[in-house]
Amino acid sequence: MKASLRTVRLELAEPLRISRSTMSARDAVWLTVEHDGVTGHGEAVSSVHQRLDTQTLERLLTAVGTDLARFPDPESALDALWAGGSTGEGRTPPAVTAAAEAALLDLVGKRADRPVHRLLGAGRPPVAATARTIGITSLAHAAAQARRLVASGFEIIKVKAGTPDPEDDVERVRVIRDAAPRARLLLDPNGAWTVARAEALLPRFADLGVEAVEQPLAPGDPRALGALAERSPLPVIADEDAVGLEDVRRLAGRVQGVNVKLAKCGGAHAALRIAEAIDGSGTELMLGCLTASSLGLAPAVHLAGRARWADLDGHLLLARDPWTGIGGEDGVVRANGLPGLGVREAGAHADMA
């Protein structure tokens, strides 16, 4: 197998402000693997929170490509990756492993003429209503966004929270509720609240019809999060406290949901292990994402039928998505029946292999 990299800049349609930062762009590094004239693609995106800058991603993915060259075919490389084999130098970050897995799944699926969801055990192409994020913004802009989203077909809106003045968060949710009275609302403070603030605010958000809250407390104390979930009038979904399998095992049965992001847990196979670990525990699966292209989102879309909540809108936040194939503009993401990931570069007319 041969591997190559390409780095592109992903600009957001507008800056996205959350409790800890504001983002207007990030870099994506595309890994392409080729074998016998067929290519597969995967994506990793830069992340300050994960301490992965562009140069680090390029270095690590170059090492992954070198490592993949020792395998006779992509099927054996994928088996080795799932068995915990090497994917480059040292301890590979989950985002890099996820990108390598995506490229291999894409290539293996194309060689077998099977879509990735079938490789992962699903018979039908998954279809899921996705949440669409409204960041911390003015009340007028939040209301206008909500009206535009429901007019486009979105049924679920995720509202970012965690401003210094909690009344600002309450009022933002209130105007969004007024603008979209039938929408399902999720709330995400990204760990900005203390226990006392969460206990004071959650009943108010419940009264506004919020369906669930993600990571209300700062990560690092899963016991406190679990204790809050026992008392909360809203389901509590762990996010920053539920990065990998061991984190989720500690939280299973203690919170109502876990937000699994393939770039944080290590890919689709790791996400399936997490889904198995929480099965029957009372903790349900949310599939989340980073801001990325359709290429980066596609592996999670192929798993979307397994989740109670889908928050797969990262590609919809971009000014221009360089890939296409998973939809979402109408509030619904869809895996198609094409082989591999089922995505192609936007504007490309050639065969996706």
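In which handedness of crossing does H5 pass H6? H5 passes H6 in a right-handed crossing. This report, which concerns a predicted model, places that crossing among the sheets and helices around it.

Helix H5 comprises residues 139-152, and its axis lies 8 Å from that of H6, at a packing angle of about 35 degrees. On the H5 side, the residues that meet H6 are Leu139, Ala142, Ala143, Ala146 and Arg147. Their counterparts in H6 are Asp168, Glu171, Arg172, Val175, Ile176 and Ala179. H5 also lies across strands E5 and E6, and its direction runs at about 160 degrees to E5.

Helix H6, residues 166-179, packs against H7 as well, here at an angle of about 20 degrees and with the axes 11 Å apart. Angles under 35 degrees count as roughly parallel, and H6 and H7 are therefore described as roughly parallel to each other. The crossing of H6 and H7 is right-handed. H6 contributes Pro166, Glu167, Asp169, Val170 and Val173 to this contact, while H7 contributes Arg197, Leu201, Arg204 and Phe205.

## The sheet of eight strands

Strands E5 to E12 belong to an open sheet of eight strands, with the order E5-E6-E7-E8-E9-E10-E11-E12 and parallel pairing. Its edge strands are E5 (131-134) and E12 (309-310), each of which pairs on one side only. As a general principle, strands of a sheet pair through backbone hydrogen bonds, either parallel or antiparallel.

Strand E6 (residues 156-160) is joined to E7 by five bridges, and the two run parallel. Lys160 stands opposite Asp188 in E7. E7 (residues 184-188) pairs in turn with E8 over three bridges, again in the parallel sense. Two residue pairs illustrate this pairing: Leu185 stands opposite Val210 in E8, and Leu187 has Val213 of E8 as its bridge partner.

Strand E8 covers residues 210-214, and five of its five residues are buried, so the strand is largely enclosed by the rest of the structure. E7 is mostly covered, with four of its five residues buried. On to E9 (residues 236-238), E8 is joined by two bridges, and these strands run parallel. Glu214 has Ile237 of E9 as its bridge partner.

## The sheet of three strands

A further open sheet has three strands in the order E1-E2-E3, with antiparallel pairing. E1 (2-17) and E3 (38-45) are the edge strands, and each pairs on one side only. On average, neighbouring strands of this sheet are turned by 25 degrees against each other, direction ignored.

Strand E2 (residues 22-35) is joined to E3 by eight bridges, and the two run antiparallel. One of the residue pairs here is Val33 with Gly40, its bridge partner in E3. Helix H1 (residues 54-68) packs on this sheet and touches E1, E2 and E3; the direction of H1 makes about 15 degrees with that of E2.

## A residue in a loop

Where is Asp113 found? Asp113 sits in the loop between helix H3 (94-112) and helix H4 (116-119). Is Asp113 buried or exposed? The cut-off for an exposed residue is over 50% relative accessible area, and Asp113 counts as exposed because its relative accessibility is 57%.

Asp113 can also be compared in position with Leu228. The two residues are 115 residues apart in sequence, and their C-alpha atoms are 47 Å apart in space.

Methods. Residues are numbered from 1 along each chain as its sequence is written. This is a predicted model: local features need pLDDT of at least 70, side-chain atom pairs count only at pLDDT 80 or more; totals for chains, interfaces and linings use all residues. Side-chain values use heavy atoms; hydrogens and water are left out. Buried means under 20% relative accessible area, exposed over 50%, partly exposed in between (1.4 Å probe, protein chains only). Two strands pair if DSSP finds at least two bridges between them. Axes are lines fitted to C-alpha atoms, for helices over the stretch in contact, and angles run from 0 to 180 degrees between N-to-C directions. Contact means heavy atoms within 4.5 Å. Angles under 35 degrees count as roughly parallel, over 145 as roughly antiparallel, 65 to 115 as roughly perpendicular and the rest as oblique. A crossing is left-handed if the near helix is turned anticlockwise from the far one by less than a right angle, and right-handed if clockwise.
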